[in-house]
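Hi everyone, thanks for making time.

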Amino acid sequence: MSDNWIELVPEHPRFIPDAANQRQARERLAEIAPTADEIEIKVSERVVFFNCGSNFGRICCPSCGADIPFEWWQDRMDEDYEDGFKVAAYTAPCCGKESTLNDLDYEWPQGFGRFAIDVMNPKISKLDEKFKRELELILGTKLRVICRHL
Ligand SMILES: [Zn+2]
């Protein structure tokens, strides 16, 4: 049996919301997805990578839109990881513009961070824009919505 997650990650990789706001967001998500298997708050000491599992298709350059070769990306992932991800800027192989791994256009979205709220088997197909905005207000940050399928 396969599982799905909706994972909410701040756009800024090092941002961690206040504990009270984390709790409030979790309670709100429990109302939005009342039959979810589990809603988990994840806070980590270091920056980790939140991936979309088998939804991972391709990677594009945010500056010029060219496809980023998977091998190049894998090398930068190795280079960037040192006791957690540094989320440093790298020169894109296509146009030479600088970009962090977090800024690349992932299909589907993925991201880096120290904080996430994870909704396991939410039984809602997607998070409505209005709920996303509401959760952004609660948590005090722009959010990236990652749909992971395993
Ligand atoms: Zn480019």
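Let's start with the metal: how are the donor residues of the zinc ion spaced in sequence? The pattern reads C-x2-C-x29-C-C. Before I go on, keep in mind that what you're looking at is a predicted model.

So, who are those donors? The zinc ion is held through the SG atoms of Cys61, Cys64, Cys94 and Cys95, at 2.3 to 2.4 Å. The angles among the four donor atoms run from 103 to 122°, and the site is tetrahedral. For reference, the ideal angle for four tetrahedral donors is 109.5 degrees. Now look at two of these cysteines. Is Cys61 buried or exposed? Cys61 counts as buried, because its relative accessibility is 1%, under the 20% cut-off. Cys64 has a relative accessible area of 43%, so Cys64 is partly exposed.

Okay, on to the sheet. Which order do its strands come in? It's an open sheet of four strands, E2-E7-E1-E8, with antiparallel pairing. At the edges sit E2 and E8, the latter covering residues 143-149, and each of them pairs on one side only. On average, neighbouring strands here are turned by 25° against each other, if you ignore direction. Helix H3, residues 129-139, packs on this sheet and touches E1, E7 and E8. The direction of H3 makes about 120° with that of E8.

Let me stay with E7 for a moment. E2 and E7 run antiparallel and are joined by nine bridges. You can pick out Ile39, whose bridge partner in E7 is Val119, and Phe49, which stands opposite Phe112 in E7. E1 and E7 pair over four bridges, also in the antiparallel sense, and there Trp5 has Met120 of E7 as its bridge partner. And how many of the ten residues of E7 are buried? Eight of them, which leaves E7 mostly covered.

Last stop: helix H2, residues 70-80. The buried residues of H2 are Trp72, Trp73, Arg76, Met77 and Asp80. Why do they line one face of the helix? Seen down the axis of H2, these buried residues fall within an arc of 140°, so they line one face. This goes with a general point: an α-helix has 3.6 residues a turn, so residues three or four places apart point the same way. On the other side of H2, Glu71 and Asp78 are exposed. As for what covers the buried residues of H2, the list includes E2, E3, E4, E6 and E7.

Conventions
Residues are numbered from 1 along each chain as its sequence is written. This is a predicted model: local features need pLDDT of at least 70, side-chain atom pairs count only at pLDDT 80 or more; totals for chains, interfaces and linings use all residues. Side-chain values use heavy atoms; hydrogens and water are left out. Buried means under 20% relative accessible area, exposed over 50%, partly exposed in between (1.4 Å probe, protein chains only). Helices (H or I, at least four residues) and strands (E, at least two) are DSSP runs, numbered from the N terminus. The arc is that of the directions from the helix axis to the C-beta atoms. Contact means heavy atoms within 4.5 Å. Donors are N, O and S atoms within 2.8 Å of the metal (3.2 Å for Na, K and Ca); water is not among the atoms, so sites may look incomplete. Four donors count as tetrahedral if all angles lie between 85 and 135 degrees; four count as square planar and six as octahedral if opposite donors are over 155 degrees apart and all others between 65 and 115; anything else is irregular. Two strands pair if DSSP finds at least two bridges between them. Axes are lines fitted to C-alpha atoms, for helices over the stretch in contact, and angles run from 0 to 180 degrees between N-to-C directions.
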